[in-house]
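Open the model in your viewer and keep the sequence panel beside it. The stops below are given in the order in which to select them.

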Amino acid sequence: MDLQYDTEQTILRDSAEKFLAGRYDYRTFQKTADSAAGWSPEFWSEIAELGWLGLPFAEDDGGFGAGAVEIAILMEAFGKSLVLEPYLPTVVLGGGIVAKLGAPAQRQEILGPVVEGKSRLAFAVQDQAKPTEAKKTANGFTLSGAKKTVLGATMADTLLVSAQIGSGVGVFVVPVATRGVTVRGYRSVDGGRLADIELVDVALPESSLLGGNEQAGAAVEETVQRAIAALSADAVGAMSALVVQTVEYTKTRVQFGQPLAKFQVLQHRMVGMKVKEEEARASCLFATLSLDGSAERRERAVVGAKAKIGRASRAVAQEAIQLHGAIGTTDELSVGGYVKRLLAYEMMFGTTREHLRRYGAIISDPETASHGLLTVAAE
Amino acid sequence: MDLNIAPQDLAFRDEVQKFLVANVSKDIQRAVELTSAFINEPEISIDFHRALHKRGWSVFNWPKEYGGSGWTAVQRYIFDTECARYNAPMYNGAGRVMLAPVLMKFGRQDQKDFYLPRIAAGEDHWAQGYSEPGAGSDLASLKCKAESDGDDYIVNGQKIWTTQAHKSNRIFALVRTSNEGKRQEGITFLLVDLDSPGITIRPIHGNGGDHEFNEVFFDNVRVPKSNRVGEENKGWDCAKYLLEFERGGSLSAGRVRAQFTRLVNKIKTHCPDDPDIIARMAELGTDLDAMEMIDISILSALQSGGNPGPVSSLVKMRWSQVRQQIAELTMDAIGEHALKWVVERPLYETLQLPEEDEDLLTAAPRYLNYRAYTIFGGSTEIQTTILAKSMLGL
């Protein structure tokens, strides 16, 4: 057991925070959100230079072989700075599923350009009404269906699309420009971009199926859970920024002849926010450190974290607005940006309530409920 | 970073489990289960304490030079978790967890030599003489006074909310030795034998039906000055140091998880399909996981030579709330079973019911008794004020 960052992790955290503090202020966020594309190619090249786009991939695939902790460190920093660029869809979701399932040639072909900052990915995993289907043809597959809420699809050149193949599941590499693919992008509450994707008889070669794997259901599930853990770190970053800003604001705002921060009733409410942030951070760390464990443990930790952090983020956001007063209800200060970032977190990949229900089902088993969080390494 | 238990720690876990099987009888497990008070009585724990002492484990949390076990942070976690899972009794918190660190830091060598081994062996049971009728959250306003008379102090006044004073043979007390200057600068830390002439102990019965608290009256009680810890009028330093240990000195995760597991079992039996109860259980489960991670973070910090810092107030505040909420939900889950009330205590002696029924009788008393968790050891409001300063710089 060890919960201390090692030297390299500390350096990564400090350099990420320093870089983003100088490079990505609230004004940058607003400009990016309001731009047509919703992301900045310049910023993307810069983080490619920093090596962040290759962080979790194996060295053989051109990456740096880092783990979930490093991803969480970066994501927390992104949440603090309201970064809109498609790191999660490209590196954690799209890159994650390619790294997990792809054959060596596929990994090199797809991940190489990702690491260099030349390609962006999106993982179309959630189906609209019914499952997307892949039918085998003489020289490959035909893909048909409709995907929803796809993060980063409008910024991507390559989609990874999950689909049923008979009774199994596979993930297909689908260049956005492929005939029969329609990406309908829209702006999300937090200034990001989502898309619904229509797939009409999309003809794909046999080589488009990642790893030739027709039983990829568990890998898909795991990748989504890794994304939820990463997104949770982003939410923790946003929450911690809200706490800092609220404390700073009440120190400067004078009413009744003294700073608001002098009023004990407000101090206690800010402690309430801080405590929620700390619990959210702890819950996120449990999820992050459980990603490489058994499927049961990973599910328990990630589902629990989404439920816990969702509740905490709602409460912290509301308090931040209230303690800022009228200005907190606008987009003038970054409070508005963080509040909406957290709102998006709550609704993405299953709501807080849905996760709470799932966690309730998991923990209803007394044996599971009795298990502490330290684990035997071999498990 | 990882949450792994190393292979050598598994051997340790087996060792602890074997020890518990050999030294905690079914009767004692039942007595712990049926203790609705927040601390079990020494009668329940003394055999276990002696067995631990014989094994060299009774004061595992102490530094090795004073007889501590030298366990790693993970081993402490394992020991605590296994004790809780097995329903082993809690023992001697006031002496072992609170007073001992004060003696180690502020005590004279002869005091350490005399008192520490007696705490370790379970020969002394200590009570905590802090609160007074007029000094609760505002502890520094305490009035119980000690006047100098040659080699002795003459103590007059009253302490209140003294947990298990009626089961203890000694009390550590904060007394006023000066009214000059700042209130904190006139307080002295004294060790007092509870059989001294002039001491009267009067019970206070909680609304949960248990006798845990007492009033302790001092009427011209003669205490040798050699029983003073630290210097005269410097007792506030001891008092504050002790509170750090009272608040953050031991892990709660194991005990609270055991309490939560009992709740899950109750829900399974009494209301497995109630969506409201299940949702509240789930929320508590996620709170428990988060708090356990914070506990483990503290262990990790201690292991690498740091100290927990301001988070000990957070931990005290949140664990006490989580415990209360589990007790509350347990009562809600069993519904009308919580109506039945047995007056006599201790329940493990008075009850003659089937196992599944007797356990239900603790739910309402536990719910009521556990309200004290957010009041003693510095109330939630006091911890919040401390956190405003220490974590937010306000």
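This is a predicted model: local features need pLDDT of at least 70, side-chain atom pairs count only at pLDDT 80 or more; totals for chains, interfaces and linings use all residues.

Residues are numbered from 1 along each chain as its sequence is written, and chains are lettered from A and ligands numbered from 1 in the order in which they are written.

Select chain A. Its C-alpha atoms fill a box of roughly 80 × 50 × 40 Å along the principal axes. The radius of gyration of chain A is 21 Å, which agrees with the value near 21 Å for a compact globule of 379 residues; it is taken over C-alpha atoms, and the globule rule is 2.2 Å times the number of residues to the power 0.38.

Colour by secondary structure to see 12 helices and 10 strands in chain A. Helices (H or I, at least four residues) and strands (E, at least two) are DSSP runs, numbered from the N terminus.

Of the 379 residues of chain A, 52% count as buried. A residue is buried if 20 or more other C-beta atoms lie within 10 Å of its own, exposed if 12 or fewer, and partly exposed in between, with C-beta atoms placed from the backbone. Among contacts in chain A between residues at least 6 apart in sequence, 73% join residues at least 24 apart; two residues are in contact if their C-beta atoms, placed from the backbone, lie within 7 Å.

**Domains of chain A**

Next, colour domain 1 (7-119), domain 2 (122-212) and domain 3 (217-370) of chain A separately. Such bounds come from an automatic or database domain assignment. The centres of domain 2 and domain 3 of chain A, taken over C-alpha atoms, are separated by 31 Å. Where these two domains touch, domain 2 of chain A gives 8 residues and domain 3 of chain A gives 7 residues.

**Two positive phi values**

Select T149(A), in strand β3 (residues 140-151) of chain A. Its phi is near 50°, positive although T149(A) is not glycine. T149(A) counts as partly exposed because it has 18 C-beta neighbours inside 10 Å.

Then go to F256(A), in the loop between β8 (254-255) and β9 (258-259) of chain A. Phi of F256(A), also a residue other than glycine, is positive, near 55°. Is F256(A) buried or exposed? With 8 other C-beta atoms within 10 Å, F256(A) is exposed.

**Where the chains meet**

Show both chains. In the contact, 37 residues of chain A meet 43 residues of chain B. On the chain A side, the elements giving two or more residues are α8 (264-290), α9 (295-324), α11 (352-363), α12 (366-370) and β10 (375-376). The largest share, 13 residues, comes from α8(A).

Zoom in on β10(A), which is joined by 2 bridges to strand β1 (residues 4-5) of chain B, the strands running parallel. Strands pair if DSSP finds at least two bridges between them. Within β1(B), I5(B) is the bridge partner of V376(A).

**Chain B**

Colour domain 1 (7-91), domain 2 (126-234) and domain 3 (251-390) of chain B. Between the centres of domain 1 and domain 2 of chain B, taken over C-alpha atoms, there are 30 Å. Contact between them involves 5 residues of domain 1 of chain B and 6 residues of domain 2 of chain B.

Select helix α6 (residues 109-121) of chain B. The 13 residues of α6(B) should span 18 Å at 1.5 Å a residue, and the end C-alpha atoms are 18 Å apart, which agrees; the expected span is 1.5 Å times one less than the number of residues. Show the side chains of Y115(B), L116(B), I119(B) and A120(B), the buried residues of α6(B). They pack against α3 (42-55) and α5 (93-106) of chain B. After α6(B) comes G122(B), with a positive phi near 80°.

Move to V97(B), in helix α5 of chain B. V97(B) is buried because 20 other C-beta atoms lie within 10 Å. The C-alpha atoms of V97(B) and E246(B) are separated by 6.9 Å, although the residues are 149 apart along the chain.

Finish at P346(B), in the loop between α10 (311-334) and α11 (347-350) of chain B. The peptide bond from R345(B) to P346(B) is cis, with omega near -5°.
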